[in-house]
Amino acid sequence: MLPRERIVREILDHGGWISFARYMELALHARGGYYASGAGEPGAAGDFVTAPELGRLFGRTLARQLAPLVAQGPGLPILELGAGSGALAETLLGELAVDYWILETSAALRSRQEARLGKKVKHLDRLPERWRGIVLANEVADAMPVHLVAWRADGVKERGVAFQNQEFHWQERPATGGLQEEASKIRVPPPYESEIGLAARAWMRALCEHLEHGLILVIDYGFPRGEYYHPQRAAGTLMCHHRHTAHADPFARPGDEDITAHVDFSALAAAARGAGAEVLGFATQAQFLVNCGITEVLGQANVENALVYAPIAAQAQKLLSPAEMGELFKVLAVGKGIATPLLGFSRGDRRHAL
Ligand SMILES: C[S@@+](CC[C@H](N)C(=O)[O-])C[C@H]1O[C@@H](n2cnc3c(N)ncnc32)[C@H](O)[C@@H]1O
């Protein structure tokens, strides 16, 4: 069954309405969904490009943060969540001698990762009961289903999906339960619409509960809470990507395009603290990469050879420029038992903003 038919069936089976989070889950992650089918593999030929897909500069710079942790004592293994095409794993394995594990929810993408990386990585089916090591998640949290909330003059509503006259429609109901509770903590001037990432919080909580010792790095686009629920962001951050074009209608092609929301990093930090982890750093991607020595990595490239150097310089521009990924993307580090300060947050740590 195609995702659209599956969603329609579920709406009808549930009395004509499902939450937007369920719609997003079915469109992206259920059988035949955008990620589940493999259509969501990032890259130039796909719908969007991620930092590891630009080239090796991102991974080589990140490796400088990870190297001391991988090398210390018995050495920490890496667990990458949602590895996409396997590009980041390939670069990191070129830089570090490390045990590398991947947990990937899409069977199609897992097959591609296995084909690309072979025996250099091992795949897990679920989070290990107890994990001692590093966890990496680049652009994974933004793919998690979000609940949509509308703050109206007469109270907080949940925006869900109905189906009438062969089309999906928005329909609001009073918010209830945990969603209502979370929404009531957010002070915004009505009318105001935004997202609440309950799934991402639960994911972060689970990661921290399973982490016995080590570091979790979440890299994604998003904001601390004060900026996320800013009075001027009254239409939220939900966005779709199709063939490198962004638009705001998630009903356009369920299963055939990306649906994403920015990450509320304050919520992730709170979830981590609630599960006994410590917040170790929070910085823009540009600041993090500069702290890790991206300019030194750049300096190792052959400046004399423009054919080699120009594409690497272009990667740096994309990764660092405030108009590209530099400011919007953030790096959040949480962990347990990591005593030494992390290189990536040596300057410009913005933990206070969380
Ligand atoms: C936007 S892609 C990013 C891929 C890769 N990390 C990159 O930066 O190119 C999202 C990836 O996360 C996977 N994914 C989504 N939710 C996940 C979850 N809960 N656990 C593990 N992987 C997940 C998707 O299947 C996909 O591989």
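**Exercise 1.** Is arginine 159 buried or exposed?

*Solution.* Before starting, note that this is a predicted model, in which local features need pLDDT of at least 70, side-chain atom pairs count only at pLDDT 80 or more, and totals for chains, interfaces and linings use all residues. Residues are numbered from 1 along each chain as its sequence is written, and side-chain values use heavy atoms, with hydrogens and water left out.

Step 1: recall the cut-offs: buried means under 20% relative accessible area, exposed over 50%, and partly exposed in between (1.4 Å probe, protein chains only). Step 2: arginine 159 has a relative accessible area of 14%, so it is buried.

**Exercise 2.** Find where arginine 159 sits and what surrounds it.

*Solution.* Step 1: look in strand β7, residues 155-164. Helices (H or I, at least four residues) and strands (E, at least two) are DSSP runs, numbered from the N terminus. Step 2: list contacts, meaning heavy atoms within 4.5 Å. Leaving aside neighbours within four places in sequence, arginine 159 is in contact with residues including Trp17, Phe20, Trp170 and Glu193. Step 3: pick out the side-chain pairing with glutamate 193, a polar contact of 3.3 Å. Such a contact is a pair of N or O atoms within 3.5 Å; within protein, one must be able to donate a hydrogen and the other to accept it, and residues adjacent in sequence count only if both atoms are side-chain atoms.

**Exercise 3.** Explore the largest nonpolar core.

*Solution.* Step 1: gather buried Ala, Val, Leu, Ile, Met, Phe, Trp, Tyr and Cys residues joined through side-chain atoms within 4.5 Å, which is what a nonpolar core means here. Step 2: the largest such core has 44 residues, and Leu66, Tyr100, Leu136 and Leu217 have the most contacts inside it. Step 3: α4 supplies the largest share of this core, seven residues. Step 4: a second, separate core has 39 residues, among them Ile18 and Phe168. Step 5: return to leucine 217, which touches Leu62, Leu66 and Phe288, among others, not counting residues up to four places away in sequence.

**Exercise 4.** Look for backbone features worth a second glance.

*Solution.* Step 1: most residues other than glycine have a negative phi, and most peptide bonds are trans. Step 2: the bond from proline 190 to proline 191 is cis, with omega near -5°. Proline 191 lies in the loop between α7 (177-184) and β9 (192-196). Step 3: glutamate 139 has a positive phi, near 55°, and histidine 244 has one near 65°. Step 4: glutamate 139 counts as buried at 13% relative accessibility, whereas histidine 244 is partly exposed at 45%.
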